[in-house]
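Open the model in your viewer and colour it by chain. Then follow the stops below.

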Amino acid sequence: MTVAIVLLALLGSAWLLAVIEGWMATGRLSPAAPLFRGLAHLGRESIVPRSPDRVFFEAAPVLLLVVAVLGMAVLPLAPDLIIADLGTGALFVNAALAYVLVAVIMAGWGPDGAYGMIGGWRFLGQLIAYSMLIVMPITAVAMRAESLVNTAIVGSQAGLWNIVYQPLGFVLFYIAAMALAFRAPFDLPSAEGELGGGVDAEYTGVRLAVLRLARLTLVVTLASATTVFYLGGWHGPLLPPWAWSLIKTLAVAVSMLLVGHYLPRIREADLMRWCWVLGIPLALLNIIIVGLLILVVP
Amino acid sequence: MSAVLLPILPPLIAALAVLILRRGSAALALAGATLSLAGGVRLLAGALDGQAETLLLPGLPDMPLRLVSGPMTALLSVAVATVGTFVLVYAIGYMKRESGQARFYAVMSLFLAAMQALVLAGDWVLLLAAWELIGLCSYLLIGFWFQRPEAANAASRAFLYTRSADLGLYVAIFILIGSSGTSEIAASLEVGGSASTAAGLLLLLAAMGKSAQVPLQDWLMRAMAGPTPVSALLHSATLVAAGAILLIRSATLLSPEALFAIGLVGGITTVAAGVIALAERDLKRLLAASTASQYGLMLIAVGAGVPTAALLHLLAHAAIKSTLFLAAGDFQHAREGTAFDQLKGVGRARPWAFAGFALAALALAGIPPLSGFFSKDAVIAAALSGQGAAWLGPLALAGTLLTGAYMGRALRVLWQGSGDSRPVEGTGWMRAGIWGLAIPAAGLGLAFGPLETILDLPAPETAGTVAIVLGLVAALVGLALGWLVPVQRLLGPAHQWAESGLEVAGGLTAWIGRPAMAVARGCDRLEDHLYAAALAIGHTALSIARGGERLEQRLYLAVLGVGRANLAVGRWVRSGDERGIDGLIFALVAGVRDLGARARTLQSGLIHHSLAISAVATAVLLAILFSASLSV
Amino acid sequence: MYAQAFFVAVFGLAAIGFGVVVFRTSSMMRSALALLFSMTAVGCLFLAMQTEFLGVLQIMMMATEMSIMAIFMVMFMMDPGGLGGMDMSHQKRFSIGAGVSAAVVAIAVALLSDWGPAAEQVVDAEAQTRALGMELLGRSMMIFETAGITILTAMIAATAVAIPVQNLSSKDDKEASE
Amino acid sequence: MTMILILALVTGAILFGIGVYGALSQTNLVMIMMGVELMLAGAMVNLVAFWRFLHPEAYSGQMFVLVVMTVMALEMAVGFGVAIARFRAKGSVEMEEAEDLKG
């Protein structure tokens, strides 16, 4: 039952994101467009490029989707609306999202195409930039909650949301999340303009549909993670908890899309430099500040 | 944060700050030392109220690091901090012209922090860590002018000597922890039996290395290549003191055998090093040798079973010796060197420094009411009263005599003669440092009474009149001997030594013999006058004259005896130095090299070959272990 | 109990299978990712043995680590795709002997020695994590910190080794070109 | 329960064996590192199994696993550093050609 609800929510939000994506691309707001596009993908022939690494080529989109769903599985929509409330949930989110990299590299290497491979390796470089900025802010969050259990983390924000308690961490996590979802402006691995689509260049038909869906789901998962870690999860007046979670998640996801839409693409070298020279020190600073706050403010 | 951290953290932070900021290093280091001093005083106050603080830090599993502030550790911490502070004050003036200030002050601060940690350490692991740290710092500081070959050599030599002696500490600690099951010093000292003897002897080895006891004293002389403040800190309260402190703190462990060995080593050192000091032609090297000799006295006290006396002498010596070195550094700046023929009459040119030097020298010789008098009497009393008095007492007295002798000689050299000295900048700072230490060097003795009461160690018997008289006589005779050596006569043999590589023996004949003759002649003349006067006065005075004559004869014989004894010891020490110890240590290195040469044949340079070899070796090892477990 | 045994067996087999693939395939990419999945299986093995924190940590770390290893394989192998089908191994017989004997000995020890009674229950994941944290920053702090310092040193050393040696002049005109 | 312990231990043993084979047989530095990683993985499996089934109360067991993970990461870092340097210098990381370690 819970599983069904969560998956439904996931699909729904993915659909909404697709609608907004279409609106941003075409300027027309047509709720049915994603559906048609998906059907069209199913209809088209799904071409297999010359001499692919078959295993990777087939597995990559599915793995990406599975990973996104797995990450979602440990994030609570409501106190009881969570598939698996692990004792190390916050860490598990990282673990699951780490496999996004694996999936992208597989998708890049599999079809034996230059663009794809470059995109895949680019994402590896991107990971080296952002991964620390995913882990360290979560550390600070867990410090405040004194637990890695996601429900406990949400519970710890009943009084004050983490976005107020540790805004620095929120900013860093938000940026890193966008980089992880490789949306614009961090969409180097799949840059249409300069890399001919990058990792999803060689994918067509069903596989492309799965890939698209997986990427949208990934955005939703990351938005939900942001909500749980920083926006007080299900906390909120009047509306039922799950509604609040959904609203916040969608808001974050949409904000990610919009922000990406209006920012120029970032060179991976610059991204790397900023993340290591600026981001990681800031993340450490954030940890120290939170630690002091915990010590000082009981 | 516990108060026990107060003496340690400030210098550490200062060191880091200096390394990071790279400016205002002197001020930072000084601030760190001062704060450390304040922390030490606070500890001491707490200890006086009888509250022994203990701080447990998480360390190895079931072996937490602990810092303890008992009365003794607090006292030592104060001493270390005091010396450190004033040495740094002095260094501000002394190092004005040097480059690499940041390096110097950072290492000095680290040195101070490490020493405080060593003093306050309550468990062997922490003590070992601090021990290694001060070893490293001394290496860095002695080799501060690493571009000078002699400094570099001196640094590596000091490192080699102390490190090879440190092995003793390692093994001793393994024995102690293994036999007592705890790493806490106080608890682990309870182990008795053969373990205590073995551990005691090994600790003695470690202490010999650090405190430069015969036959490991050679590096100390050469360590003079470092900057003078470093020598002051090294000799008075930190590196060299570490050995004595180690023995004093583990006094309850020591078994009679160990005590005997310690006393023996101390006695031999105090005499041998005294002789070397007498023979030196360089002020700093003389002071270095005298340091070794003084620590020999402390070991005698420990060996006699009265560590309190050793502790008192340690404190007095810390203040005195640092004063001496700082003054020496002042002269060094004034005359571009510390060789005696450069320093002739510098005392007149730098009266303040000379006054401090003289005060400290008299204190070291043991002239009342200066601090050295009390501490030395405590040592002598211990030597005469404790076990093994028969041979410890004479040695202690000989040490005192020699102390007087070389101090008198140094004073003479500094005062008489003349040379051109240049103005020195930063004199104010240096003067402040010197006198900040000279005052305790002078007055510390009056504080010994209360100190003995607060120390939790068995207080020494009050120095009997015998001890006082003997000590005083020895000191005075020594001073007289030292002073009465005419410098111009000294120069002739001095050149011969220089040609014959500073061979002590020649030097000894030259100027233990000469002073003896001089004294004899002096007494002779005196006696003639006496005799004439006696004739004039009448036969009643004749008996007095005879008495004087007999006295003089004995003094003459005694002095000659001292001369011969010193001659023998000097030869023995020198030869032992060159063949025995150097041979031993460098044989170690050579052996390792040979082993490497043999192992070389195994290396084809191919990774997979070496991997294969290691795999096979592991298999063999497992087989051996397995068979062993079967056989058990 | 049986479920646990089942999962342990399954993940164990998976780990072993992927581990074999690492050295069987000739495509560097495949062998790297095979190693990755072998490590992941080991992490799942931890999970199956109710060691949740370590399991998740293993899964997380190895993903990144092995992917990086993959790119190095592709960079440094003369035949990344394994299409040339060249043999990249030597002293085969000895290696097989060593590997098999090592495994056999270890298995023999595992089977023959008497392990005594095995613990039935362990505390739940959250309590475990808490206790582990207490252990790391309490009793074994020094070991843990040492590990941290060591890895920092290794990072710096590796970077220093990997940075190309460039003499001053070339550095200058590089800056000039930028 | 003991059965599971033995199961885990056997798994660890086999992983270790594979690792030994790989480390000894491969010619490429990176592949050798893979073998070492597998050996370490086998060790970790054993550690966890011992912790879980023999001493669940002693968390030093888990700490050891963490230390082993550190060692793995460390080995990767240094190994790759060396690999890069060597590739720059010699154009290959084939250990057959690396004889300059010859003493």
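**Stop 1: chains D and C**

Select chains C and D. Here 63 residues of chain D are in contact with 68 residues of chain C. Contact means that the C-beta atoms of two residues, placed from the backbone, lie within 7 Å.

This is a predicted model: local features need pLDDT of at least 70, side-chain atom pairs count only at pLDDT 80 or more, and totals for chains, interfaces and linings use all residues. Residues are numbered from 1 along each chain as its sequence is written, while chains are lettered from A and ligands numbered from 1 in the order in which they are written.

Now pick out α1 (2-25), α2 (29-53) and α3 (60-90) of chain D. Each supplies at least two residues of the side that touches chain C. Helices are DSSP runs of H or I, at least four residues long, and strands are runs of E, at least two long; both are numbered from the N terminus. Which helix gives the most to this side of chain D? It is α1(D), with 21 residues.

Colour that side of chain D by class. You get 47 nonpolar, 12 polar and 4 charged residues. Nonpolar covers Ala, Val, Leu, Ile, Met, Phe, Trp, Tyr, Cys and Pro; charged covers Asp, Glu, Lys and Arg; the others, Gly among them, are polar.

**Stop 2: chains C and A**

**Stop 3**

Hide the rest. Chain A has 12 helices and 0 strands. Its C-alpha trace spans about 60 × 45 × 35 Å along the principal axes. Of its 298 residues, 53% count as buried, with 20 or more other C-beta atoms within 10 Å of their own C-beta, placed from the backbone.

**Stop 3: two helices of chain B**

Select residues 283-303 and 371-385 of chain B. These are helices α13 and α18, which pack at an angle of about 45°, their axes 8 Å apart. Axes are lines fitted to C-alpha atoms over the stretch in contact, and angles run from 0 to 180 degrees between N-to-C directions.

Finally, show the side chains. B:Leu297, B:Ile300 and B:Ala301 in α13(B) meet B:Val379, B:Ala382 and B:Ala383 in α18(B). This contact has 6 nonpolar, no polar and no charged residues.

Terms used: A residue is buried if 20 or more other C-beta atoms lie within 10 Å of its own, exposed if 12 or fewer, and partly exposed in between; C-beta atoms are placed from the backbone.
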